[in-house]
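Please find below a colleague's note on the structure, arranged as numbered points for discussion.

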Amino acid sequence: MVKNGSQHISQLRDGREVYLNGQAVGDVTMHPAFRNSIRSYASLYDFQARPENIEAMTFASPDTGDRVSRIWQMPTSYDELVERRRMLEAWTELHFGFMGRSPDHVASCISGMVMGIDVFEQYDAKRAGALRDYYKYARDNDLFLTYVIVNPQANQSKAAHEQEDKYLAVGIVDQDHEGITVRGAKMLATSGIMANEVFCSCIQPLKAGDEMYALSFAIPMNTKGLRVLSRKSYEENAASVFDNPLASRYDENDAVLYFDDVKVPWERIFVAGDTAMCAKQFHATPAHSYQNYQCQVRLMVKLRFLVGIAMKITEVNGTNTFPQVREMLGQLAAEAAMIEAWVHGMEAKGQMAGGYFVPDRNLLYASQVVTQQLYAKVLNSLRELAGGGMIMLPSSIHDFENPMLASIIEKTQKSPVASAEERVKFFKLAWDAVGSEFASRHNQYEMFYAGATFVTKGHAYRTYDWQKATGLVDNLLGSYALSDEIRREPAAA
């Protein structure tokens, strides 16, 4: 039976150790900081479990024959890749692109690693077997995985082993025939409070001496010794759904995970103590490109949503016929369409790798370079279109409960196409997407989820076909020569 929302909510009542505002949270599914967002994730599972969606949203497990989510699908052709993308797109439309670590993200990462299983086989056959078995387990149980693959910032001028605290970042304390014991912290566990399990590794370059931090493993979120330190909850601080329609329901949360001498069994360990393999698991397999392809599908939908807000701003304000406004809308439309074109291009230019059809890496990284710069620009365009409309709004829904205030709102929140209530409702949404604390976090997230800009530009540099580009220049240079030109020119009198 395909996993549904109520099953996922039930799975989260597992005694995980979550802390917020200095206190242990208890049942995260009922806490006002997380309950709505958890139900937003549950709605994804309910959507895929609907009888009319089963065919589009799931595929048959090769091992059991049962239907499982397409987030775990490893496409063997262009058509299968497109089929899976349509599933990702349908899911993303349910949260409008605001849940960046939805279940399809880390599932894409693990699936990409398995697509490159030969890299793990060359490293260690037992670790390869552990990864293969874990993928099947996660797929057939439709697990929601988060990941922590970044070390605490601390002193970034020093390597992990050079930090003042040897166990600042997650490192190996001990190992025996049962597994390894790890201690230390990892970031950022986005959606970790809503997930079943966490994949822990390190995507940052490791240096000689960092072997104890070269790890890759997966464990349940309720594992003994795993502590979850939540950031401030935007959901908990949202006044109402009307006042904060996004923050109140789609705050995926971020958290620091602290591993307090956590024992990890060997069957859950994919890399241990090898710095080169720690990097290879992402970049020598399709993992990094496959997981970030999912990000671009999500961002494609999110930008479509933001462009929709832009159009509605102009309609509500009655400015949509102004030539200069239409020029701005045209620019936004072109930028959103550019990202959509990149997604389709990644698919069309994809290639086979180890029996699987994977998106084109260079178009992916080119898209990431541009979108890191683009997101803030889009938000700024929405601010410009809205003017003061997103600021001068009633303080909360309670203003409508006061007859005197409600009458003033009726007079001052006028629109040529919407009632005062409709106008306030829309601009509350616009502000939550563009200017609220929730929106600010998303701006930061879209800038850095793929790494600093020099990282994504480095990926674009490494994967571009420079030989083809410089070859064109060489062909032109080879088509003429100074000596030929001199022989052709008549001698001066």
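Predicted model: local features only at pLDDT ≥ 70, side-chain atom pairs only at ≥ 80, totals over all residues.

1. Aromatic pairs are counted by a distance rule in which ring centres lie within 6.5 Å. By that rule the model holds 19 aromatic pairs. The pair Y45 and W91 has ring centres 5.9 Å apart and planes at 85°, so this pair is edge-to-face, given that planes over 60 degrees apart count as such.

2. Where do Y45 and W91 lie? Y45 belongs to helix α2 (residues 35-49), whereas W91 belongs to helix α4 (residues 78-95), so the pair ties together parts that are 46 residues apart in sequence. Y45 is buried, with a relative accessible area of 0%, and W91 is buried as well, at 1%.

3. The charged end of K3 sits over the ring of Y45, at 4.4 Å from its centre. Y45 thus takes part both in the pair with W91 and in this arrangement with K3. R298, in turn, lies over the face of Y449, 5.7 Å from the ring centre.

4. Helix α4 may be checked for its length. With 18 residues at 1.5 Å a residue, α4 should span 26 Å; its end C-alpha atoms are 26 Å apart, which agrees.

5. Just after α4, F96 adopts a positive phi of about 60°. F96 also belongs to an aromatic cluster, which it forms with F98, Y234, Y250, F305 and F438.

6. Is S415 buried or exposed? S415 is placed in the loop between α12 (403-412) and α13 (420-434), and it is buried, with a relative accessible area of 17%; the cut-off for buried is under 20%. The S415 side chain reaches the backbone nitrogen of V417 at 3.2 Å and that of A418 at 3.3 Å. Apart from neighbours within four places in sequence, S415 is in contact with V316 and R423.

7. The UniProt record, an unreviewed entry, carries the annotation "domain: HpaB/PvcC/4-BUDH C-terminal" for residues 278-478. In the model this span is 74% helix and 3% strand, and its end C-alpha atoms lie 44 Å apart.

Key
Residues numbered from 1 in each chain as written. Heavy atoms only, no water. Phe/Tyr/Trp six-rings, centres within 6.5 Å; stacked < 30°, edge-to-face > 60°. Helix = DSSP H or I, 4+ residues; strand = E, 2+ residues; numbered from the N terminus. Buried < 20%, exposed > 50% of the residue type's maximum accessible area, 1.4 Å probe, protein only. Lys NZ or Arg CZ within 6 Å of the ring centre and 35° of its normal. UniProt positions renumbered as here; feature names shortened; annotations may be inferred. Expected span 1.5 Å × (residues − 1). Polar contact = N/O pair within 3.5 Å; in protein donor to acceptor, adjacent residues only side chain to side chain. Contact = heavy atoms within 4.5 Å.
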